Amino acid sequence: MDTAERLATLNRIRKLSRLMDTSIRIPGIGFRFGLDPIIGLIPGAGDLISTGFSAYIIYLATRLGIPRQDLKQMIFNVALETAVGTVPFVGDLFDAFYKSNIRNLAILEKHLVVVEPEISPEKSEVAAPATVH
């Protein structure tokens, strides 16, 4: 995978992580949550669907060469959110606060800053602040 493909994969991970964990902001208090706790409200299938998205993010991270120890931490984050997420209502609140996908994104970015500084947040279309006109 060349640098452009690696950056595109990282940006895909960033977009999906933010969509699932921080895409919605509550005005006034500024708390952010994403689609993950909303999808989790679907009885039975919701947690399975959310875990599928998280597993896809982990799969993409493996394509970027995430080390085994970091991979274990990422899997733990998703497993914990999935396990607690099975508890009705409490699990959905936990999903809104724990944000396993954002945690996993941070693990991946920390690794990439060390091993691939050419893939930095400054070069990401997702990390760049939007200008308002």
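## A nonpolar surface patch

Val-87, Phe-89, Val-90, Leu-93 and Phe-97 make a nonpolar surface patch of about 510 Å². Patch residues have over 30% relative accessible area and no salt bridge, and nonpolar side chains are joined within 5 Å; a salt bridge is a side-chain nitrogen of Lys or Arg within 4 Å of a carboxyl oxygen of Asp or Glu. Areas come from the Shrake-Rupley method with a 1.4 Å probe.

This is a predicted model, in which local features need pLDDT of at least 70 and side-chain atom pairs count only at pLDDT 80 or more. Residues are numbered from 1 along each chain, and side-chain values use heavy atoms.

Phe-97 lies in helix α5 (residues 90-98); helices are DSSP runs (H or I) of at least four residues, and strands (E) of at least two. Phe-97 is exposed at 58% relative accessibility, where exposed means over 50%, buried under 20% and partly exposed in between.

## Aromatic pairs

Rings of Phe, Tyr and Trp pair if their centres lie within 6.5 Å; planes under 30 degrees apart count as stacked, over 60 as edge-to-face and the rest as tilted. The count comes to four aromatic pairs. Phe-31 and Phe-97 form a tilted pair, 4.7 Å centre to centre with 40° between the planes. This pair links distant parts of the chain, 66 residues apart, with Phe-31 in the loop between β1 (24-25) and β2 (32-33). Phe-31 is partly exposed at 23%.

Phe-94 and Tyr-98 are stacked, 5.0 Å centre to centre with 15° between the planes. They are separated by about one helical turn because they lie four residues apart in helix α5.

Methods: Patches are made of residues with over 30% relative accessible area and no salt bridge: like charges are joined within 9 Å, nonpolar side chains (Val, Leu, Ile, Met, Phe, Trp, Tyr) within 5 Å. Buried means under 20% relative accessible area, exposed over 50%, partly exposed in between (1.4 Å probe, protein chains only). Rings of Phe, Tyr and Trp (its six-membered ring) pair if their centres lie within 6.5 Å; planes under 30 degrees apart count as stacked, over 60 as edge-to-face and the rest as tilted.
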